[in-house]
Structure formats: structure tokens, C-alpha cells
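Please look through the sequence and the structure shown below before reading on. The report that follows takes up a few places in turn and describes what surrounds each of them.

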Amino acid sequence: MSLISILLVAVAVLTLSLGLLSFLGAQKNDRKRTVWVLVSDIGAAIWIISMAIFLALEPAGNNVDMVALVSINGIYIGTLLMVTAILGYACWQYVFGKIATILSAIVSCVFAFLIITDHTILYTGYEITNQNNTVHLVNGWFYWLYVLALVVMIMMFTGATYYRSKHNTNKKVRTGDLVLTYGFLVVGVVSAIFDMILPILGRYDLIWLGPIALSVTMLSYFYAILKYRIISISATGLKALAYVSILSTGAAVYMVIFYIIFTVLFKVANPAPSVLVLNFLMIVIVLLLMPVIREISAAVNALITMGQVDLAYVVKKLNKIAAKNVDLRDLAAFLADHLHFSYVGFIINGRVYGSKALAISSEELSSISHLRQTANGVWQEPNKTVQKIFNELDLKAVAELRNAKGKTFGQLIVGKPMGKSSFERRDLIQLEMIINLVATVIDSEKHIRA
């Protein structure tokens, strides 16, 4: 498989996943309309996959003639499906749009029927070589009528989308439509040059540039619908689809960079298929592992940066812990590690749950528990007795834990900050915010596992 074929497969996956995202993530009142986007992206996927298969064919391959025939038909019929459906998306809500879409669908069906029943009307044959595979198109009335139909449909689509964007009261939807309008104009121009004009002149090796232009348009539209919240991807399945889209884009960009570097360093026009496939598989694996790598990197960074606290990581982990049964000793150990204190412990219902064993008597524990409540903030002022206990146990501060109603249900005690001799104001501010979050994590009503 060549680099171009790998790129086309990635673009096809990207296009289809974005179509599914637009359909599944759309609001109920817009779901019917986005069916057109999904159908259009299915047509685009047929167009692109068929192109990838044809360009990857080798002279010595099995069933070359049958595969070539099916893939060539897929290239030209998939294009008809894509353009007809995207026209329906743009203008089905208007009377003129319904008429235009129905007529376009009829014309497309006629073209598809003629291509399937007698392909010689479109091409006389094809050539499969080790260099560039070529379709010998017929420079006649049918081909140029086919091209004209596509051009008219794309022009009607861009006109309808532009009109709708100018008259839509929703600024977000209007912006998304403008992105799609200008994007498809670019796709139309690029495809007209590299997929329609040059192939009839004998340059069939550049037809893959049309799908690449389409992928840029789809990515721009995807960015617009995410930025302006045109669709919602809160569901787990939609998040997975969004990740597949990003993964496909990353794989395609990586393969292009790899190809450029490989050809410059080794002076080889085309790397071996095994090298391309291996690199493609490796970048897919790396991209799939990115969430794990990011999580490990954040955890390690939070542990090794003694001079500062990674608040984003700590808050993220606390939010995850909140959805589970709380083990206070594990929670105390996590806070001690990532807030960089020699000790963190919770005093709740006369018991202490700490990051490590603490030699504290019940009398000493009672003295800490009965400290005067604070009027402002969460930090308590140790009296002489408690301060003596703190000095003996190498503790530095104590704070109240309050539930959602503001009632104190326990305390948090901390040891000395690692790498510092005393607290700084920043430490106290960070800790106060985290203490309030920790208090919401701990459920004082249902009791905690010891």
C-alpha cells in the first residue's frame, strides 16, 4: 500500500466519523437535516476508499480486473452521492431546494445507471502498473455532461448555504455554514482541476488531491461546530468518534512528514510498502496511547515538582475520586504525595486517617478536635496545648472540613511542606481551595472505609 492510499484511508475514516458526529450530536430539531450530511459523507467515503483501492492495485494482484472495475465505478458514483446529499443539506428546507435536490438525485441515478450498465460510455479501459494506475477516460459528451452536473450541484449548494447563512439568526450556525460554503468552493475548484480536467488530459496520478482538500474542509467545519457548540459530544460514544477523527488527522499529518523526511534523507522516491504500513501502525498505536501517556506524564510531573502544586491534576483526580467510595487513607496519601507535604491526615468522628502512621494518643486527638471554630476561612489557630502536640509530631497546620451546609464534620492536619521550612501565602491559598473540594468528596453521612 502506497503513502497516498494510506492517506486516503485516513481521510475516509475522518470524513465518515465527522458525518456520524454531526448526525448523532445534532439537536433533535436539526437531526433530520443532518441525515443529509451523513449520507454525503458516506458518498465521500465511497469516493475516497474506491480511489485508494484503485491507486493501490498492482499488476500481479488477485482479481485485479474485477476490483478495478468496482473501484472505478465507486469513484464516479460516490461523487454523485456526495454532491447530491450535500445539496439536500443546504437547501431542502426551501421549495426551490426540494425541486433542485430531487432533480439532482434523478440525474445522479441516471448517470450511475449508465456507468454501471455500460462503463465504456465513461472510460475505455484502465492501466495497472508499478508506477501510476490510470483510467482512460472518454473525452466525449457523457463525461462533460457528468462534470457539468457536478459543477451545477456544487454551485447550487454554495449559493443556498451562503443565502441561508446570511438569513440565519443564530450566529453560531451562520458561522458554521460559511465555513462549509467557502470550504466546498475550494474543494470544488481543486477537484475540478485534479479530478476532472487533468484526468481527461492523461494525468490521473493527482486525483487524490481532491479528497485531501475535502479533508481540510471537513476539519474546518468540525472545528467550527465544536467551537460554536453547534453539536453536543457529551456522550461517551461521540467522544470516541471525536477521538477517532483527531487520530485520523494525526496519522495523516505524521505520514506526510515521515514521507518528506524519508525521501530527503534516503533519496528514495517511494518507501517500501512494509515501511509505510509499519509507520502507520506505529503512529496509530502511539495516538491511541496518548490519553495514557498524558495521564502518566501529569502524575509524574505532579510528583517531581516539589516547588509547586499541579492544581489541574489534583482537582481532576479528586473529581474522579468523588464518584467512588472514599478510602480516607488512600485519599490522604494521594494529597501528601501531590501537595508535597510530609503528612496529611483526616480527623473524623474521633479517628485519624493519615497518609502514614501517626503516634497520637486519644487525649491529644481530642485536644485537636476541640479547637475553636474559625469565623473566616478554614484554618484553625492552635492553642498552647495543641501547638506542643504539633511540635512533637512535626505537624504544621489544621483546617476544618465543612459539608455543603457549612457544618464542620472533621479536620485536616498537615505536616511540613517538602523542600520548604514553612508555609507561604500561596501554599495556604492553594490548600484552602483543595480542602473545600476534599470536604465535598468525603461523605460524612455514610461512613467511610477505614
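Phenylalanine 142 is buried, because its relative accessible area is 2%, and in this predicted model the residue is found in helix H5, which covers residues 141-167. Leaving aside residues up to four places away in sequence, phenylalanine 142 touches Phe111, Leu114, Ile115, Ile121 and Leu122. One of these, leucine 114, is 28 residues apart from phenylalanine 142 along the chain, and the C-alpha atoms of the two are separated by 9.6 Å.

**Aromatic pairs**

Phenylalanine 142 also belongs to an aromatic cluster, which is formed by Tyr76, Phe111, Trp141, Phe142 and Tyr146. A pair of aromatic rings is described by two quantities, the distance of the centres and the angle of the planes. A search of the whole structure finds 8 aromatic pairs, and two of them are set out here.

| Pair | Distance of ring centres | Angle of planes | Arrangement |
|---|---|---|---|
| tyrosine 76 and tyrosine 146 | 5.8 Å | 65° | edge-to-face |
| phenylalanine 111 and phenylalanine 142 | 5.3 Å | 70° | edge-to-face |

The pair of tyrosines links distant parts of the chain, since tyrosine 76 is in helix H3 (residues 64-91) and tyrosine 146 is in helix H5, 70 residues apart. Tyrosine 76 counts as buried at 4% relative accessibility, and tyrosine 146 likewise counts as buried, at 2%. The rings of phenylalanine 111 and phenylalanine 142 have planes at 70°, so this pair is edge-to-face, the angle being over the 60 degrees that this term requires. This pair, too, links distant parts of the chain, with phenylalanine 111 in helix H4 (residues 95-117) and phenylalanine 142 in helix H5, 31 residues apart. Phenylalanine 111 counts as buried, with a relative accessibility of 6%.

Helix H1, made up of residues 3-25, has 23 residues and reaches 32 Å from its first C-alpha to its last, which is close to the 33 Å expected at 1.5 Å a residue. Of the 23 residues of H1, 17 are buried, so this helix is largely enclosed by the rest of the structure.

In helix H2, which covers residues 28-56, the place to look at is serine 40. Is serine 40 buried or exposed? With a relative accessible area of 1%, serine 40 is buried, because the value lies under the 20% that sets the limit. Not counting residues up to four places away in sequence, serine 40 touches Met82, Ala85 and Ile86.

Arginine 402 stands opposite threonine 408, which belongs to S6.

Methods:
Residues numbered from 1 in each chain as written. Predicted model: local features only at pLDDT ≥ 70, side-chain atom pairs only at ≥ 80, totals over all residues. Heavy atoms only, no water. Pairing = 2+ DSSP bridges. Helix = DSSP H or I, 4+ residues; strand = E, 2+ residues; numbered from the N terminus. Buried < 20%, exposed > 50% of the residue type's maximum accessible area, 1.4 Å probe, protein only. Contact = heavy atoms within 4.5 Å. Expected span 1.5 Å × (residues − 1). Phe/Tyr/Trp six-rings, centres within 6.5 Å; stacked < 30°, edge-to-face > 60°.
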